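The questions below concern helix packing, strand pairing and aromatic pairs. Each is answered from the coordinates.

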Amino acid sequence: MRRADRLFEIIQILRRVRRPVSAQAIADELEVSKRSVYRDIATLTAQRVPIRGEAGVGYILEEGFDMPPLMLTAEEIDAAVLGALWVSTRAEPELARAAENLIAKIEAITPGPLRRHIAAAAMSVRPVSPASEDKVDAAMLRQAILEGRKVSLGYRDGDGKESKRVVWPVLLGYRDEGRILAAWCELRQGFRYFRTDRMTFAEALDQRYPESRSFLKDRWRKAMDAERESYFPRA
């Protein structure tokens with residue numbers, strides 16, 4: 001790997017994580033020595049790339065750093081196109097159109113030799129049966145998650161029993177058979193999962209839930225880990 005390529009890859013590694021990354025982890029991924037990583041970090045900081053950290057602690061890229069558009073590799077193009085194909089066949093109409101637009105934009109900026117990865121893709125996404133039609137706006141749910149707002153919703157369970165809930169939305173999951181909302185339920189005082197095709201209505205409230213999004217998501221992850229442990233205890 002050329003040194004210029006390695007410098008770019010180091011920036012990419014730091015851009016995709018939010019916690020300090022050790023020189024050893026970077027060296028392992030790039031298959032170089034830690035000494036090479038130390039030298040490359042020094043070169044990047046000398047070029048005013050805002051990297052914080054030190055040897056033995058780890059490195060992190062400060063927020064706000066941006067780079068001009070760079071060439072995508074063949075594997076990166078394949079990954080982007082495969083992801084966009086999945087979204088275009090499984091997401092709601094707005095996201096499906098956005099995925100199709102994304103593929104068109106990638107094709108527009110991709111040089112001729114690599115454009116065949118899009119025009120004659122070697123990958124496909126398995127078709128699925130049409131999912132049940134939702135009565136709620138998935139874009140509204142995503143926005144409520146981003147803004148940390150409570151959501152009032154009506155829900156019909158598997159037995160057809162209806163209830164009204166106020167939830168703190170954590171994550172909107174996309175599956176082959178539809179979408180599912182992970183949220184803290186005020187009624188049940190715990191994390192619950194709600195299929196969007198079983199929601200009879202959903203409305204974002206002006207009220208925000210009383211903790212940060214990151215803290216709520218961390219609590220949800222710990223609850224998932226505990227639930228998983230109860231089903232699959234460690235030996």
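Buried means under 20% relative accessible area, exposed over 50%, and partly exposed in between (1.4 Å probe, protein chains only). The model is predicted: local features need pLDDT of at least 70, side-chain atom pairs count only at pLDDT 80 or more, and totals for chains, interfaces and linings use all residues. Residues are numbered from 1 along each chain as its sequence is written, and side-chain values use heavy atoms, with hydrogens and water left out.

Q: Are the residues of strand E2 (residues 58-61) buried or exposed?
A: Strands (E, at least two residues) and helices (H or I, at least four) are DSSP runs, numbered from the N terminus. In a regular strand the side chains alternate between the two faces of the sheet. In E2, Gly58 and Ile60 point one way and Tyr59 and Leu61 the other way. On either side, the state is the one asked for: all are buried.

Q: How many bridges join strand E1 (residues 51-54) to E2?
A: Two strands pair if DSSP finds at least two bridges between them. E1 and E2 run antiparallel and form a hairpin with three residues between them, where glycine 56 in the turn has a positive phi of about 90°. Glutamate 54 stands opposite glycine 58 in E2. The number of bridges is four.

Q: How are helix H2 (residues 23-30) and helix H3 (residues 34-46) oriented to each other?
A: Axes are lines fitted to C-alpha atoms, for helices over the stretch in contact, and angles run from 0 to 180 degrees between N-to-C directions. The axes of H2 and H3 are 8 Å apart, at an angle of about 105°. Angles under 35 degrees count as roughly parallel, over 145 as roughly antiparallel, 65 to 115 as roughly perpendicular and the rest as oblique. H2 is therefore, relative to H3, roughly perpendicular.

Q: What is the angle between the planes of tyrosine 155 and phenylalanine 194?
A: Rings of Phe, Tyr and Trp (its six-membered ring) pair if their centres lie within 6.5 Å; planes under 30 degrees apart count as stacked, over 60 as edge-to-face and the rest as tilted. This pair is edge-to-face, at 5.1 Å centre to centre. Tyrosine 155 lies in strand E3 (residues 149-156) and phenylalanine 194 in strand E6 (residues 190-195), 39 residues apart. The angle between the planes is 85°.
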